[in-house]
Structure formats: C-alpha cells, structure tokens
Amino acid sequence: MGGDLLTAEALAAGYGPVPVLHNVDLRVPTGTIAAVIGANGAGKTTLLRALSGMLRPTAGRIVFDGRDLRGTPVEQLVRRGVAHVPEGRGVIGELTVAENLRLGALWRRDRAAAASALDEVYQLFEPLARRRRHLGHQLSGGERQMLALGRALVGRPRLLLLDEPSLGLAPRVVAQTMALLRQLCDDTGLTVLLVEQNVRSALAVADQGIVMSLGRVVLAAPAARLRDDAELRHAYLGF
Ligand SMILES: Nc1ncnc2c1ncn2[C@@H]1O[C@H](COP(=O)(O)OP(=O)(O)OP(=O)(O)O)[C@@H](O)[C@H]1O
Ligand SMILES: [Mg+2]
C-alpha cells in the first residue's frame with residue numbers, strides 16, 4: 001500500500017492524425033478513487049482508452065505498479081489487473097447474466113478463485129443473482145450496468161477504469177454504485193479512475209478530482225477542495 005498505482009506523464013494520444021490528449025500528467029494512489037471530470041468532448045473517454053491499452057499513446061509514459069506499460073497488449077494488462085468498463089457498457093445481449101460474468105474470469109487459471117469471485121459478485125448485486133439465467137438484453141439499464149461492473153470485478157482487478165457508470169441510472173442506484181466503489185477501495189485496496197458527468201456524486205465519493213478541458217488536465221485537486229471551495233468550483237466546474 002501507499003504510493004501510486006498509476007501514473008501518466010506527458011501523455012498524448014489521438015485518432016489517426018487528430019490529436020486529442022495533450023501532455024496529460026496524473027497520479028492515482030493505490031486504494032483511492034480519482035474522478036475525471038470535464039465537458040463533452042474533453043477527452044475523458046480517450047484518456048481511459050489510452051490507459052487501458054485500447055489506444056496507443058503517441059507520446060508520454062504510463063506507469064502501472066512501477067512498470068512502464070508502453071506497448072503492453074490489452075490481454076496482458078488485464079492479467080496484471082487493469083479492467084476497463086467502457087462507455088455503453090459492452091454487455092452481450094445474447095448471453096445470459098451468468099455467461100457474461102464468466103467472460104470476466106475467462107483469463108484466470110485458478111478456477112476455484114474465479115468461482116468465489118463470481119459468488120461475491122452475486123452477493124454484491126442481488127438482482128444479478130436472481131436473474132442469472134436471463135439474457136443480457138432482457139435486463140434493465142441499471143441491471144446492465146451492474147453486470148458490466150460485476151464482469152470487471154470477477155477478474156479481481158487492481159485498477160478499475162470506469163467510463164460513465166451512472167449514465168441512465170436512477171439516482172438511488174447511482175448512490176449505491178458509488179458507495180460500493182468506496183467500500184471496495186477501502187476494504188480491498190482497489191484503485192478506481194472514474195469518468196463522470198454526474199460531478200456531484202463523483203466528487204462525493206472520490207479522493208481526487210481531475211478536471212479535463214480540450215484534451216488537457218487543467219486541475220488535479222483533492223475532491224474535498226473541489227466540493228468545498230466555491231471559487232474553484234465556479235472556475236473549473238461551472239457551478
Ligand atoms: N473514434 C474517434 N475518431 C475520431 N475522433 C474521435 C473519436 N472518438 C472521439 N473523438 C474526438 O476526440 C475528442 C474527445 O472525445 P472523447 O470521447 O474522449 O471525449 P469525452 O470527454 O469522453 O466526451 P463525452 O463526455 O461526450 O463522453 C472529441 O473531439 C471527439 O470528437
Ligand atoms: Mg466519453
């Protein structure tokens with residue numbers, strides 16, 4: 001414990017010739033939640049893609065658990081404990097809840113550990129346990145979100161990259177999901193990078209707020225400061 005699980009230094013990335021991220025620095029200490037905040041098009045999703053290996057950075061460094069991740073294939077990142085839950089969730093509609101969850105543990109050799117991780121997810125998300133034989137496309141938006149998160153968790157990640165997990169969820173479910181993340185960080189040392197449009201609920205649970213604008217990090221500050229300092233909030237968050 002202690003120290004940073006993830007750091008990025010002078011990271012740049014984009015799509016083809018179009019640069020999106022410029023000179024991004026960030027540090028996420030082990031066992032903490034960092035909320036990435038910013039307007040539409042600020043580059044939040046692009047940042048997560050670069051960190052999870054889906055998008056190759058054009059410059060800079062990403063260090064995870066003391067190791068430079070440059071050029072590491074996505075598969076290996078997953079084995080090392082990096083889980084990415086993309087925007088839009090990626091639940092497979094034609095598979096059952098149980099089958100979707102098992103996909104999250106597919107790469108694990110230790111069958112017994114995978115089975116117990118699966119049990120834990122069913123305990124965390126009661127509705128998934130009740131619907132384990134339902135197909136993905138039969139689930140509500142909230143249940144699909146639980147399934148996407150649950151699938152990431154059965155792989156027992158050390159770093160969870162979450163892109164807008166609260167999109168389309170009822171406020172009560174958002175609050176439950178945030179509380180669950182907090183609990184996992186505090187109890188198991190999980191580290192989370194959370195992209196959220198819902199700034200208030202993200203800052204309520206996060207340790208750190210990282211504000212992005214036009215592909216750059218314009219502010220990284222303790223979440224408590226962003227919550228309590230009205231001037232800072234006006235300047236960077238517009239409320
Ligand atoms: N596949 C792509 N090809 C080309 N440009 C893209 C692609 N995806 C995103 N962009 C551009 O990159 C910039 C950043 O987009 P990104 O999706 O990272 O922003 P975001 O902060 O996640 O926005 P939102 O809040 O709407 O999800 C935008 O200008 C967008 O148009
Ligand atoms: Mg996005």
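**View 1. Right-handed crossing of helix 3 and helix 6 in a predicted model.** Helix 3 crosses helix 6 with right-handed geometry (right-handed if the near helix is turned clockwise from the far one by less than a right angle, left-handed if anticlockwise). On one side the contact is formed by Val97, Asn100, Leu101, Leu103 and Gly104 of helix 3, and on the other by Leu147, Gly150, Arg151, Ala152 and Val154 of helix 6 (contact: C-beta atoms, placed from the backbone, within 7 Å). Six nonpolar, three polar and one charged residues make up this contact (Ala, Val, Leu, Ile, Met, Phe, Trp, Tyr, Cys and Pro count as nonpolar, Asp, Glu, Lys and Arg as charged, the others, Gly among them, as polar).

The model is predicted: local features need pLDDT of at least 70, side-chain atom pairs count only at pLDDT 80 or more, and totals for chains, interfaces and linings use all residues. Residues are numbered from 1 along each chain as its sequence is written, while chains are lettered from A and ligands numbered from 1 in the order in which they are written.

**View 2. Packing angle of helix 3 (residues 97–104) and helix 6 (residues 141–154)**. The angle is about 40° and the axes lie 6 Å apart (axes are lines fitted to C-alpha atoms over the stretch in contact, with angles from 0 to 180 degrees between N-to-C directions). Helix 3 and helix 6 are therefore oblique to each other (under 35 degrees is roughly parallel, over 145 roughly antiparallel, 65 to 115 roughly perpendicular, the rest oblique).

**View 3. Surroundings of ligand 1.** Tyr15, Val18, Val20, Gly38, Asn40, Gly41, Ala42, Gly43, Lys44, Thr45 and Thr46 surround ligand 1 (C-beta atom, placed from the backbone, within 6 Å). Strand 2 (18–29) and helix 1 (44–51) each supply at least two residues of this shell (helices, H or I, at least four residues, and strands, E, at least two, are DSSP runs numbered from the N terminus). Helix 1 gives the most, three residues. The shell has four nonpolar, six polar and one charged residues.

Note on methods: Two residues are in contact if their C-beta atoms, placed from the backbone, lie within 7 Å.
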